[in-house]
Amino acid sequence: MTPPAIGNSQEIRTALCVFLILLVPLAGAGLSLINTGLGRSRSAAHAMLTSLCVVAAAAGAYFVCGFAWQGFIGGPAHSFTVGGKTWSWLAAEPLFLRGHDWGGSSASLAACLGVFSVGLTALIPLGSGSDRWRLGAACASSALLAGVTFPLFAHWVWGGGWLAQLGVNYGLGRGFLDAGGAGTIQTVGGLTALSIVWILGPRHGKYLTEGMPAVIPGHNAIYVSLGCLLALVGWTGLNCAGAILFTGAAPARLPLVLINTLLGAGSAGLAAAATTRWRFGRPDVSIAANGWVGGLVAASASAPFVAPAAAVVIGLFAGVLVALTVEWLELHLSIDDPGGSISVHALAGIWGLLALGIFAQIPGPVANVSLAPALPAPGDSGQFLAQLVGVATLLGFVLPLTFGLNWLLNKLLPQRVPVEGERQGLDLYELGSSAYPEFVTHTDEFTQQ
Amino acid sequence: MKLLGFLLLLAGWAIVLTAIVLLPGAAVRAGFIAAGVGVEILGMVLAVRAHLILRGEKE
């Protein structure tokens, strides 16, 4: 009997990418569980339903115009020329995902990864708006994120746009690199989370009088821990698929990506647990879990480009950073972020992007501007500068854009539930039923007043 | 104050873009990019301060 014919390398690459992309929804499941577990029990069903709805809304907006404006490396794009250099600023693909070769082309795989990535991005602000964000407003905000903010930045990084071109045009290393989405997914989502916190304000009873803010603990540490484990599986798929599609990494490099992803998460989780042990006398479950996810986030950008030892250093720093900034934002900046999304996704994401510029050892050409990989730049001294320009773009352009869009949305469709909604819990107020009907209602700041 | 903070964020980004396009020397370019990021950090500080003031007024 003759063995079945083995497909060509393109078919194997396509099958591998599809398998890796199929893992990405597990990252979304993990984030949903973490957001739900860190919120109150009386908003748990609302949190899970909102997770499903925002993923759907984000996928819809991405289908309508998101991928058309994100595009893919080598695809049609709107460009302008400055000083003889071409700046690609927006893709010019057809709307509604029309006109693509769905037979395993790189563009179709990028669209497939993009639709899952944008869903993951939309889940990030949910952790910050926990217990007070209306379902309808969250969906509308997610549609704006997936239809405007995400595709614009994703084109600049993953679609061969001007940030990716920094190396070719201006000799800044290989241009801005972000293999697994530390900037494109995590920091964009984290900065949107910051905007949502500023617009919604803190939960009722969080900052009652002068002095320490009230502690409103998460309701289910098991959800949070399980979410971390699911997130690890999802992140491995995300980082590997991103490395293949957006940097042209060979499948042989994937074991390094897998190892670096796990080392980043593990070292960050341990560092966060140790930091809370040092600060409070005992390890804190929620902050250690946040540290774990912060490590995944920080390792995303550079997983194909750094040695395992560097991944450990990146993770350790991310864990300490997350553990300290969660507390700092809450105590000193009055930022009520129940899910820790700003520290975990925005700050750890920015650290991961800069860490790539510090630790990266890029072995060969990188295909982030055209499908034919660009030749290595002479030395890579400008890589840190390229990463810094990307971070400056996130802070200087993406944050004002996402805040402005959500501020306008808030004028049209108020995003926060009234105090009565918070008192009842979003389950009863918006859904009419509770996630845990047999639970006894605990006393809280409302009944104490 | 929040608006001023966001304007500074945009201004810092504009400095970074201008440095990339106009300055050919690596050291000068790096300096101006760092200056642009510094302006952005100032903008972030103002935006955060504005958020703190707004919260204080509500209380």
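At 1.5 Å a residue, the 19 residues of H6(A) should span 27 Å, and the C-alpha atoms at its ends lie 25 Å apart, which agrees. The expected span is 1.5 Å times one less than the number of residues. Helices (H or I, at least four residues) and strands (E, at least two) are DSSP runs, numbered from the N terminus. The model is predicted: local features need pLDDT of at least 70 and side-chain atom pairs count only at pLDDT 80 or more, while totals for chains, interfaces and linings use all residues. Residues are numbered from 1 along each chain as its sequence is written, and chains are lettered from A and ligands numbered from 1 in the order in which they are written.

H6(A) is mostly covered, with 18 of its 19 residues buried. A residue is buried if 20 or more other C-beta atoms, placed from the backbone, lie within 10 Å of its own, exposed if 12 or fewer, and partly exposed in between. After H6(A) comes A:Gly201, with a positive phi near 80 degrees.

Two packed helices are described by the angle between their axes and the distance between the axes. H6 (residues 182-200) of chain A packs against H12(A) at about 45 degrees, and their axes are 9 Å apart. That makes H6(A) oblique to H12(A). Axes are lines fitted to C-alpha atoms, for helices over the stretch in contact, and angles run from 0 to 180 degrees between N-to-C directions. Angles under 35 degrees count as roughly parallel, over 145 as roughly antiparallel, 65 to 115 as roughly perpendicular and the rest as oblique.

The contact of H6(A) with H12(A) includes A:Leu191 and A:Trp198 of H6(A) and A:Leu394 and A:Phe403 of H12(A). Residues are in contact if their C-beta atoms, placed from the backbone, lie within 7 Å. By class, this contact has 10 nonpolar, eight polar and no charged residues. Ala, Val, Leu, Ile, Met, Phe, Trp, Tyr, Cys and Pro count as nonpolar, Asp, Glu, Lys and Arg as charged, and the others, Gly among them, as polar.

The contact between the chains takes 18 residues from chain A and 18 residues from chain B. On the side of chain A that touches chain B, helix H12 (residues 383-412) of chain A gives the most, 11 residues.

Lastly, the loops. A:Phe96 lies between strand E2 (85-91) and H3 of chain A. Its phi is positive, about 60 degrees, although A:Phe96 is not a glycine. A:Phe96 is exposed, with 11 other C-beta atoms within 10 Å.

Methods:
Contact = placed C-beta atoms within 7 Å.
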